[in-house]
Amino acid sequence: MRILFFLLFLVHYNCFTQNFISKTGEITFFSYAPIEDIKAVNKNVSAAFNSQTNEIVFKLDIINFQFRKKLMQEHFNENYLESDIFPTSTFVGKVYNNDSLSNVKGLLTIHGVTKEIIAFGTFNILDNSIKLSSSFKIKLEDFNVEIPKIVMYKIAEEILVDIDMTLLKIL
């Protein structure tokens, strides 16, 4: 009886709520530094959005960031983000003003540290999908990512993060 009640609850809940998901979102980060610019792309970002509550969640595996130089990727995973110890990054938040120009406020976790952020971007709801993009900066020191003095001119203290993804409606 409890199982039947639970299933009916889920069906009823989903009738009035529109949920959207993606497993192929893209997050790019840029480090603009005096000696060398660094860019990495992760095209395996998972996200979910609940249109009734405006809650949004992102999750990515750190190891999925791809760099143009293999050595940069190794240093990133082993020395800076320590992806063996902190394998994922997450964001749990809420979308405000979910029209074409929106902001999102929530908790971003990187390198085992969680900080509240506010980001602005576009949030376009179509019939069966949502197209979203955002660009914001984070400080590495806020997430306890240490940059050795020997490479301080190769890695910026502040990183530009770009998000571009399409979430599909769960039917």
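**Figure 1. Helix α2 has an exposed side and a buried side.** In this predicted model, Lys 70, Leu 71 and Glu 78 are exposed on one side of α2. The buried residues of this helix, which spans residues 70-80, are Met 72, Gln 73, Phe 76, Asn 77 and Tyr 80. Seen down the axis of α2, these buried residues fall within an arc of 125°, so they line one face of the helix. An α-helix has 3.6 residues a turn, so residues three or four places apart point the same way. What do the buried residues of α2 pack against? They pack against β1 (19-31), β2 (38-50) and β4 (66-67). Just after α2, Glu 82 takes a positive phi of about 45°.

Figure 2. The protein chain has two helices and nine strands. Along the sequence, their pattern reads α-β-β-β-β-α-β-β-β-β-β. The chain has 171 residues, and 40% of them count as buried. Take the contacts between residues at least 6 apart in sequence: 57% of these join residues at least 24 apart.

**Figure 3. Confidence along the chain.** The mean pLDDT of the protein chain is 84. A value of 70 or more is reached by 84% of the residues. Where is confidence lowest, and where is it highest? It is lowest in helix α1 (residues 2-16), with a mean of 41. It is highest in strand β3 (residues 55-61), at 96. Over residues 1-15, pLDDT stays under 50. For that stretch, the model has three contacts beyond four places in sequence.

**Figure 4. Phe 58 in the largest nonpolar core.** This core holds 40 residues. Which of them touch the most other members? They are Phe 29, Ile 56 and Phe 58. Beyond its neighbours within four places in sequence, Phe 58 is in contact with Val 45, Ser 46, Ala 47, Ser 89, Thr 90, Phe 91, Leu 132, Ile 163 and Met 165.

**Figure 5. Aromatic rings in pairs.** The count comes to nine aromatic pairs. One of them is Phe 49 with Phe 123: the ring centres are 5.0 Å apart and the planes are at 65°, so the pair is edge-to-face. This pair links distant parts of the chain, with Phe 49 in strand β2 and Phe 123 in strand β7 (residues 113-125), 74 residues apart. Both Phe 49 and Phe 123 are buried. The rings of Phe 58 and Phe 91 have their centres 6.1 Å apart and their planes at 55°, so this pair is tilted. Distant parts of the chain are linked here too: Phe 58 is in strand β3 and Phe 91 is in strand β5 (residues 88-96), 33 residues apart. Phe 58 and Phe 91 are both buried. Ring pairs also link Phe 29, Phe 65, Phe 67 and Phe 76 into a cluster.

Figure 6. Ile 130 sits in strand β8 (residues 129-139). Is Ile 130 buried or exposed? Its relative accessible area is 0%, so Ile 130 is buried. Not counting residues up to four places away in sequence, Ile 130 touches Phe 20, Phe 49, Phe 123, Asn 124, Ile 125, Met 165, Thr 166 and Leu 167. Ile 130 and Phe 49 are 81 residues apart along the chain, yet their C-alpha atoms are separated by 9.0 Å.

Figure 7. Why does Ser 134 count as buried? Its relative accessibility is 13%, and buried means under 20%. What does the side chain of Ser 134 reach? It reaches the backbone oxygen of Phe 120, at 2.8 Å. Leaving aside neighbours within four places in sequence, Ser 134 is in contact with Ala 119, Phe 120, Gly 121, Val 161, Asp 162 and Ile 163.

Figure 8. Ile 159 lies in strand β9 (residues 158-169). With a relative accessible area of 7%, Ile 159 is buried. Which residues does Ile 159 touch, not counting those up to four places away in sequence? They are Phe 29, Phe 30, Ser 31, Phe 136, Lys 137, Ile 138 and Leu 140. The C-alpha atoms of Ile 159 and Ala 33 are separated by 9.8 Å, and these two residues are 126 apart along the chain.

Terms used. Residues are numbered from 1 along each chain as its sequence is written. This is a predicted model: local features need pLDDT of at least 70, side-chain atom pairs count only at pLDDT 80 or more; totals for chains, interfaces and linings use all residues. Side-chain values use heavy atoms; hydrogens and water are left out. Helices (H or I, at least four residues) and strands (E, at least two) are DSSP runs, numbered from the N terminus. Buried means under 20% relative accessible area, exposed over 50%, partly exposed in between (1.4 Å probe, protein chains only). Contact means heavy atoms within 4.5 Å. pLDDT is the predictor's confidence in each residue, from 0 to 100. The arc is that of the directions from the helix axis to the C-beta atoms. A polar contact is a pair of N or O atoms within 3.5 Å; within protein, one must be able to donate a hydrogen and the other to accept it, and residues adjacent in sequence count only if both atoms are side-chain atoms. A nonpolar core is a set of buried Ala, Val, Leu, Ile, Met, Phe, Trp, Tyr and Cys residues joined through side-chain atoms within 4.5 Å. Rings of Phe, Tyr and Trp (its six-membered ring) pair if their centres lie within 6.5 Å; planes under 30 degrees apart count as stacked, over 60 as edge-to-face and the rest as tilted.
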